[in-house]
Amino acid sequence: MNPSSCWPNSRKALNKFVTAILAAVLCCASSGLFAQASSPPAEHAIEVSLTPASGQIEISDKVRVEGRKNYAFRLAPWLNIESVALDDRQLEVTSLGHEYVLALPDSQQHVIGFTLRGRIPSRGNQQSSTAMHSSSGGDGVYLPGYDAWIPQDDTGTIRYRVSVKLPADQRAVATGKLVAEQVTDEQYQATFEVAHPGEPPSLFAGPYQVKERRSQGLRLRTYFHAELTGLADVYLDAADTYIQRYQAEIGAYPYADFHIISAPLPVGLGFPNLTYVGRQVIPLPFMRTRSLAHEVLHNWWGNGVAVDYAGGNWAEGLTTYMADYALARDKGEVAARSMRVKWLRDFAALPEQRDQPLIAFRSKQHQASQVIGYNKLAFVFHMLADEIGQPAFADGLRRFWSRYVYQQAAWADMQNAFEQAAGRDLDWFFRQWLQHSGAPRLSLGAYSVELVEAGYRTRIEILQPVSGYRFKLPVLLATDEGDQRHEIIVDSTLTRVEFVTPAKPRYLHVDPDSDIFRRLQQDETPPILRDVTLNPSAITVIASTDAGFVAAARNLAARLMDVEPRFDTLSALENSTRPLLLIATTDNIAGQLAKLRLERSPELPDTVHSAGAWTARRANAAPILVVVARNAAELQSLLRPLPHYGGQSYVLFAAGQAVSRGIWPLDRGSLYIDLQDSL
Ligand SMILES: [Zn+2]
C-alpha cells in the first residue's frame, strides 16, 4: 500500500491516446484525423443513471463541437454504443471497436448525441495498482475521467455538465461545481459543471454520509463511509486551513468546491477540486496532515495550472516543496533539515543507472522516480528560493499562477516567471539542475591556519571533481569567540577560500545544514534504524532483569529484525563491528551506554516521552540501535508502531504514539575539518 501516491490528473494517459492509431471508424475519414488546434473545446451535456451494486450504467452524452471536420474519440471497452445521432439524425453504428472517427459534414457547429450502456467492471479483489481503472461495487463506484467513460476526444480538454441519478441510499460526486442536488424517496440526483475547459469529469459514488461546511464562499464536503463520519469535522477543518494557506501564498483557490471522498481501494488520488482516499487510510494521522495538504495543493499545481507533460512534470516536486516540506519547516529548522537529509540519503541509495534528469520525470512509477521527481525536485526549489531570495521566489510563484491558471504550463514558463520575479537570467540554474542526472560531489582539499596581523587566516580548497555546477555554498567557521557563517560561490572544480578571524578557529564545516543537493560521501550518511535491523550479523542485547521486560524485548526484537534475532551480551561486541540492538529500561540505559563509551545523543529532542529508539555509531563506525522504555508495558506498546520507522534515526513515543522522529544531521564526514591543531 502506498497511501500517499497520487495521480494528480490524467493528461499523461490522454497524451498517450493522441499518439495512438485510431483503429476503428464509424464513418471513414480521409484526412485531418484530429481536431484543428483552433477549434473550441467540445461541450458535453451528460446524464448518468447508475446502479452501484450491479455496476449497471446508462449514459446520455450530447457533445457540441465546432470548427472540426471530424470527431475522433475513444471509449472504455466495457461501454456499448446504443445509438449515435448527428444533429438529431440517427447514424448507423457499424463498429464494435473502442476508438472511432466520426466524419462531420462541415466545420460548423454540430451536436453529436450518444446513448451508452454498460457494466462497470466489478472491483472484486483488485489491488491499488489497478486503481487507474474504473471499478464498481456496493461500497463504491470509481469512474476516473481519463478512463473514457464518456467519448473522449484527442484534445483531452472539454467543457461539461454532468447530472447523476442513483438509488436514494447512495451519493454521487463528480469533479466540477455542484450546481443542483435533489433527494426523493426513490433516488438521489446531483449535477456538476465546470466553468473552464479542462480534463473530462471523474465520477465517484457510494453509500456515503455527506458532511458540508461553507468557508469564504467555498463549499467543502466529506463523502465518507459510515465508520468515518466521526472524522469529517477534523478533515473539513484541515482542508479549510490548507486552502486558506495556499490562497494566501499563491492566489485564489481555482474552484468552487473541495471534497474529500473515501475510497474502497487503498489509494490517495488527486483530481480537480477533490481527493479520493482509501477508507483504511483516512483514520491515519499523516493523512489529514501531510497527505491532505499535498492533495489540496494539487488544486493549484497540477490541476489549476496543468502540466505540459512533453517537457517534464514540475508539479510533484513543487507540491512536495510547498506542502510536505513547508509543514516540516513549520515545526522548525531541525525538522526541515531532517527532511532534506532524508532526501539526500535516499538519493545516495539510488543506483546511478536508475538516476535520470528531472526533465525526464513524468509520474511516479516506482520508488526511484519518487526520489527524483518528488524529492530531488523539491530540493531544487529549496535551492532556488535560496538563490533568488524568499520574496522573489514567492513573487515568481504568484506570477506563474496568475499567468497560467486554467492552462497548461511547461518548465520554460516557470523559468520565465522566476526570471521576471528575480530580475535576472536563471537559465544556468534550470539547465544544471533539470537537464542532467546526478548531483555535485563535494570534498575538501588542502587547508591551513596561520597567524596574521589581524588574527588567524584559514585557507581551504573546495573540490568538485566534475565541474559545471554553480551554487552558493554555506560554510560554518567556528572560532573560540563564536561561529561565523559565510556563503561562497562555487562554480569550478577548485575553489580556494580564505577567512581571517580575530579568534582562533576551531573547526570548519561546509554545508553544515545540508542546503545543497549533492551526492553524499559514504562517511556522511547518518545511521538509521534499518542499518541495524536489516543487517543479518547484528546481535541483540537485553539489559534488564525484569522477566516481563525481557519477554517484551524478545518479542520486539523478533518484530524489528529482518532476520531471526541473535541474543548475546555486550562482551560479544569486543573487537567486532557487528551492529547492535540494545533494549534497556530507562533506569539502566546509562550504565549500558557507558560500557560502550557512548552517551545519549545530544541531538535527541527534549519531547516528553515514555519510550523511544535512537541510533548511534560506535568508535569503529558500527551502528547501534538503542530502544528504551520505562517498563514492560511501555516496551510492549512499541511492538506495532516501531517497525514502521526504519528510515528514521530516532523516534520517541508517549503512550504508544510517536511524538517525535527524525534523521540525525549528516555526520561530519569529509566536509568537516577540525582546525584545533592546524596552527
Ligand atoms: Zn502529488
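Modeller: Two strands are taken to pair if DSSP finds at least two bridges between them. The model discussed here is predicted.

Biologist: How do you know that strand 3 and strand 9 pair?

Modeller: The two strands run antiparallel and are joined by two bridges. The definition asks for at least two, so the pair qualifies.

Biologist: What makes strand 3 and strand 6 a pair?

Modeller: Five bridges link strand 3 (residues 70-74) and strand 6 in the antiparallel sense. The requirement is at least two, so these strands also pair. Within strand 6, L102 is the residue opposite Y71.

Biologist: Why are strand 6 and strand 9 said to stand at the edges?

Modeller: The three strands form an open sheet in the order 6-3-9, with antiparallel pairing. Strand 6 and strand 9 (152-153) each have a single partner strand, so one side of each lacks a neighbour in the sheet.

Biologist: Why is strand 6 called mostly covered?

Modeller: A residue is buried when its relative accessible area is under 20%. Four of the five residues of strand 6 (residues 99-103) are buried, and the strand is described as mostly covered on that count.

Biologist: What makes a set of residues a nonpolar core, and which residues have the most contacts inside the largest one?

Modeller: The members must be buried residues of the listed nonpolar kinds, joined through side-chain atoms within 4.5 Å. The largest such set has 102 residues, and those with the most contacts inside it are W300, W301, W314, F381 and F418. Helix 6 gives the most to this core, with 12 residues. Another core, of 55 residues, lies apart from it and includes F73, I120, Y188 and A190.

Biologist: Which residues is F418 in contact with, leaving aside its neighbours within four places in sequence?

Modeller: F418 is in contact with F381, L384, I388, A392, F393, G396, L397, L426 and F430.

Biologist: Which elements supply at least two residues each of the lining of the largest cavity?

Modeller: These are helix 6 (367-388), helix 9 (427-434) and strand 25 (471-479). Helix 9 gives the most, with four residues. By class, the lining of the largest cavity has seven nonpolar residues, one polar and six charged.

Key: Residues numbered from 1 in each chain as written. Predicted model: local features only at pLDDT ≥ 70, side-chain atom pairs only at ≥ 80, totals over all residues. Heavy atoms only, no water. Nonpolar A, V, L, I, M, F, W, Y, C, P; charged D, E, K, R; others polar. Buried < 20%, exposed > 50% of the residue type's maximum accessible area, 1.4 Å probe, protein only. Contact = heavy atoms within 4.5 Å.
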